[in-house]
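User: I've got a model open and I'd like to talk through its side chains. Can you walk me through it?

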Amino acid sequence: MLGIYDVGATAFFASQSDQRFSYCLYVPKSIVNESKCRLLVVIHGSRRTAEVYRDLCRDFAETQNLIVLCPLFPIGIPTMEDTGGYKFLLDNGIRYDQILLSMIDEVGKKYPVDIDKFYLHGFSGGGQFTNRFLYLWPERLAALSVGAPGLVTLYSHADWWVGTGNLETLFDKQMNVVAIENVPVQIVVGEDDLDTSEITLKEDSHYWAVGANDAGENRVLRAQRLFENWQPLVDRLQFDSVKGVGHNGFEVLPEVFEFFKVILDDS
């Protein structure tokens, strides 16, 4: 039996697999009738605006019968110097991809929702997460939207995170190229997203890797480079450049919703 705090815009729940992390939900009203929902996961950027993304997805969730899950990966785990480890899926021994999957499992136990395959979007830091998540878990994705990733991981022989060459060794999981081919993918960026201050890494950065800045000077060029790299890899791939928009994840959501709506209507 669901309580009054389990429907609509929820509070943050501590992840039961690791209570350092939490998530909030939007649960559509139709859930009270035990109708089967689908799941949309939205990954925040560096400012951790998980609750704002949840609220902006409300109308889309109601019209499309979606539960929205927005995880919160705080700064300072395990140390205050760690500001972006979640973006790389693995940092300081923490597997952020597995933490997300455990959150999804919790939601699946509580609500009548299909969690075998889910819809995933992230912007900026969240776009980095979603870029990399595709390589590890394509079999779990109904569709993927990658928004303005500042540091991109290309399908290449270079070492992680610049490339995928040693992915299997690091994550103890073989890349499923056939499954990747079958995931519909959107890469979306504002056409004015040209600032480079956050995304030009120096060698003393905690996240430095050889080739870190080689994909392009700004986020537009890096998104285009990722698109070019994925063209031979992904069968259903689209690139959306949003006019008049800079580095703003909220302002690209209409294009994200339109992308997902097409996939949802086809399913």
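Analyst: Here is a chat about the core, the rings, the salt bridges and the backbone of this structure.

User: Before we start, what kind of model is this?

Analyst: It's a predicted model, where local features need pLDDT of at least 70 and side-chain atom pairs count only at pLDDT 80 or more, while totals for chains, interfaces and linings use all residues. Residues are numbered from 1 along each chain as its sequence is written, and side-chain values use heavy atoms, with hydrogens and water left out.

User: OK, core first. Which residues touch the most other members of the largest nonpolar core?

Analyst: Ile 67, Leu 69 and Trp 230 do, in a core of 93 residues. A nonpolar core here is a set of buried Ala, Val, Leu, Ile, Met, Phe, Trp, Tyr and Cys residues joined through side-chain atoms within 4.5 Å. Buried means under 20% relative accessible area, exposed means over 50%, and partly exposed is in between (1.4 Å probe, protein chains only).

User: Where is Phe 250?

Analyst: Phe 250 is in the loop between strand E11 (237–242) and helix H8 (253–266). Helices (H or I, at least four residues) and strands (E, at least two) are DSSP runs, numbered from the N terminus. Phe 250 counts as partly exposed because its relative accessibility is 34%.

User: Switching to rings: how many aromatic pairs are there?

Analyst: There are 17. Rings of Phe, Tyr and Trp (its six-membered ring) pair if their centres lie within 6.5 Å; planes under 30 degrees apart count as stacked, over 60 as edge-to-face and the rest as tilted. Take Phe 21 and Tyr 96: the ring centres are 5.6 Å apart and the planes are at 80°, so that pair is edge-to-face.

User: Where do those two lie in the chain?

Analyst: Phe 21 is in the loop between strand E2 (13–14) and strand E3 (22–27), and Tyr 96 is in helix H3 (residues 96–110), so the pair ties together parts that are 75 residues apart in sequence. Phe 21 counts as buried at 1% relative accessibility, and Tyr 96 counts as buried at 1%. Tyr 96 also forms an edge-to-face pair with Phe 73, at 5.5 Å centre to centre and 90° between the planes.

User: Which residues form the aromatic cluster?

Analyst: Among them are Phe 21, Phe 73, Tyr 96 and Phe 118.

User: Now charges. How many salt bridges?

Analyst: Eleven. A salt bridge is a side-chain nitrogen of Lys or Arg within 4 Å of a carboxyl oxygen of Asp or Glu. One of them joins Asp 6 and Lys 110, at 2.7 Å, N to O. Asp 6 is in the segment before strand E1 (8–9) and Lys 110 in helix H3, 104 residues apart, so this pair links distant parts of the chain.

User: Which peptide bonds are cis?

Analyst: The bond from Ile 77 to Pro 78 is cis, with omega near 0°. A cis bond also joins Trp 160 and Trp 161, with omega about 15°. Most peptide bonds are trans.

User: What about phi at Leu 89?

Analyst: Leu 89 has a positive phi of about 70° although it is not a glycine. Leu 89 is in the loop between E5 and E6 and counts as buried at 0% relative accessibility.
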